[in-house]
Amino acid sequence: MKINREKIDIERARKKMSINALAEAYGVSRARINVILNQRELSVVSAGRLAEALGCDVTEIIEN
C-alpha cells in the first residue's frame, strides 16, 4: 500500500503526536519509524499497524 506522508503528518498534528510518540505506539525506534515513513510503500499489515498507532483508519493515511 502506498502511504501518504502528508496525511500521516496531518494525523500526527491532530493528535499532537511527535515522531517519538508515534515510534513508541508503533513499537519501533525513532530511526526505524523514519525509515518506514520514508518508504511510502508498506505491506497491508504494516499500514494497518501504522494507522492503529495513529489512532485512525488506514484509509486516512493511504494514497487515493
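A salt bridge is a side-chain nitrogen of Lys or Arg within 4 Å of a carboxyl oxygen of Asp or Glu. Five salt bridges are found in a search of the whole structure. One example joins the side chains of R12 and D9, with 3.1 Å from N to O. R12 and D9 are three residues apart in helix α1 (residues 5-15), so about one helical turn separates them.

This is a predicted model, in which local features need pLDDT of at least 70, side-chain atom pairs count only at pLDDT 80 or more, and totals for chains, interfaces and linings use all residues. Residues are numbered from 1 along each chain as its sequence is written, and side-chain values use heavy atoms, with hydrogens and water left out.

The pLDDT, the predictor's confidence in each residue from 0 to 100, averages 95 over the protein chain, and 100% of the residues score at least 70.

Helices here are DSSP runs (H or I, at least four residues), numbered from the N terminus. Helix α2 (residues 19-26) packs against helix α4 (residues 44-54) at about 120 degrees, with the axes 9 Å apart. In the contact (heavy atoms within 4.5 Å), α2 supplies L22, A25 and Y26, while α4 supplies S46, R49, L50, A53 and L54.

Definitions and conventions: Axes are lines fitted to C-alpha atoms, for helices over the stretch in contact, and angles run from 0 to 180 degrees between N-to-C directions. Helices (H or I, at least four residues) and strands (E, at least two) are DSSP runs, numbered from the N terminus.
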